[in-house]
Amino acid sequence: MTASVIGYICIAAMLLMMALRTPISLAMAVTGFIGFTAIVAFKPAMSILDSGPFETLSNYGFSPIPMFILMGVFASKARMSAELFYSARTLFGGWRGGMALASVSSCGVFSAISGSSLATAASMSRVALPEMLKHGYAPSLATGTLAAGGTLGIMIPPSIALLLYALITEQSVGKMFIAGIIPGLLGLGLYLLTIAVVVALRPDLAQPSNKTSLKEKIVGLKGMLPFVLIFSVIIGGIYTGLFTPTEAAAVGAFCALLIAIRRGMTFRDFTDAVQETLFMSSMIFFMILGAEIFGYFLSVSRISYTLVEFVTSMELAPMAIILSIILLYMILGCVMDSLAMLLLTVPVVFPLVLAAGFDPIWFGVISVIAVELGLITPPIGMNVFVIKSVAPEIPILEIFKGVLPFVVADIIRLALLIAFPWLALALL
Amino acid sequence: MKAIMNTTRSIAFSMHVFSGALLISMMLIIIADIVTRTIYRATAGSFDITFFGGIELVSYGLLFMVFFSFPYSVSRSQVIVDFFTEKMSEKLKLMLSAFYTFCFGLLGLAMTIRFIIAVERVASSGETSQDLLIPMTYIYGITAVATSMLAVRGFLVGIEQFFESRNM
């Protein structure tokens, strides 16, 4: 049996294990270990159990992951999300659908310091959802807006997904973050446009709020200041070379901590934030550990190499390759967690993308958006379940119905980025 | 058995707390590194309070932070695909979960064995870390302690979940 055949069998076994509720990290580690043993030998396979985890987990490049999570959690504990929402709400004043617009804008701003879609959706929905429902918004529009708004966290820098992609493919983290700015803002703009269109077509879905004066709007902007401050420090520091993108995460977390302390964060809140960060970080690092062991197996199985050879022999157009990968991501996204998907698939498809002549940074942006779609598409849609946990009385189908226009907006964004790659590369 | 369970849970929790302290320390080390570096640059090198080995401290801090948080979070910090097994009985789900947690114990055990071998290897070569010259025996040794705790917790939590599922 050739190494590639063993490779395909092991991948099939891994997918079967995942379908049987095996934790993704364990499925990757076990099949990676067994596959490596089958292709090489048991003793070398055992040796990857120390060198692999040791080298990966002591890699300085991975240190921003817990830091970015910590920054987002501190921001939540400081109740910055509430202030942000009320600020955005004042800004949109008496517009029909103004609160939905405010929610999406708040999600965009919050995600600029959170780095996590789930954290953005969870923080913003606790504040904005009760308000929208109280003001007569249709549950589908209110929940759909927040579930979709949360996904902005995966693209607007700093983003854990962009960071992971950069580390897996050995690209510059700074360039990855900068490349995410325009697509992230484009996503925000398209979401705002989606709400405007939905509300124009179905005015009964959202009621107008009280009008606000110009003075109130300007005073209301105060709530956005902490976010602007942290975001400016992070991006400004990276841009001016004061610190590296890796260090920026610690700076951001420290700023968020100072703001939280100033706003009266108790010691209990502090320990809760650290604990929450550790659980979320463990979840990601368990998967990274599994992916590392699986990665050793992938390289000896030469699957990526045979895949590239196979696709080249088919003489497919480069665009057909990209579209196939996006389709694969959209299908996988329906059943799999976004970060797990990146860790699992990028090492396999990346050589293919390079062979087809695409820019690796651009592909990073494209793949992260495709993965992001999985957060709001049925049947899994993690963000949808986050919203469901905040509002258990709203049927899940209603939330998916509300999310649908935003899925269309995301597909339009993907099409725009594929048609005009400079949108992602312009700031580099 | 209950006493053993409680003791290991307490040890794992203490490690979790230590892991949290490491997380905050990492953040402060990076901040201190940036601040001292900026002061050094701003004063054209006349005021030098920069320190050596910051990157190494953060790297090993991350290693210990992750390994020390694993034992306490082994059963709760996992991502699973439950789309295909949504209609499965809760009892069967818990039994499967028990088996998988037990497997994490095996993974922890295998890593512990390898790290102990690594301790012996670096002890004979006298290998140290690059910047701070910390003997690698300590680093591998501490990692082995953390992975052994992951093994113990994996086995015990797996057994606990198995008995829980039988009582359902």
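In chain A of this predicted model, the C-alpha centres of domain 1 and domain 2 lie 30 Å apart. The domain bounds come from an automatic or database domain assignment, which gives domain 1 as 1-58 + 284-301 and domain 2 as 59-265 + 302-425. Residues are numbered from 1 along each chain as its sequence is written, and chains are lettered from A in the order in which they are written. Local features need pLDDT of at least 70, side-chain atom pairs count only at pLDDT 80 or more, and totals for chains, interfaces and linings use all residues, while side-chain values use heavy atoms, with hydrogens and water left out.

Let's look at chain A as a whole. Chain A has 21 helices and zero strands, taken as DSSP runs numbered from the N terminus (helices H or I, at least four residues; strands E, at least two). Its C-alpha atoms fill a box of roughly 75 × 45 × 45 Å along the principal axes.

Now to where the two domains of chain A meet. Domain 1 brings 22 residues to the contact and domain 2 brings 20, with contact meaning heavy atoms within 4.5 Å. Together they bury about 1600 Å², 78% of it on carbon and sulfur atoms; buried area is the accessible area (1.4 Å probe) that two parts lose on being put together, summed over both. On the domain 1 side, A:Ile284, A:Phe285 and A:Leu298 lose the most area to domain 2, together 29% of what that side buries.

Next comes the partner chain. Here 50 residues of chain A are in contact with 56 residues of chain B. The area buried between chain A and chain B is about 5100 Å², and carbon and sulfur atoms give 78% of it. In chain A, the residues that lose the most area to chain B are A:Arg21, A:Phe54 and A:Phe286, together 17% of what that side buries.

In a salt bridge, the side chains of B:Arg114 and A:Asp50 meet at 2.8 Å, N to O. Helices 1, 2, 3, 4 (64-77), 13 (245-262) and 14 of chain A each supply at least two residues of the side that touches chain B. Helix 14 gives the most to that side, with 13 residues.

Key. A salt bridge is a side-chain nitrogen of Lys or Arg within 4 Å of a carboxyl oxygen of Asp or Glu.
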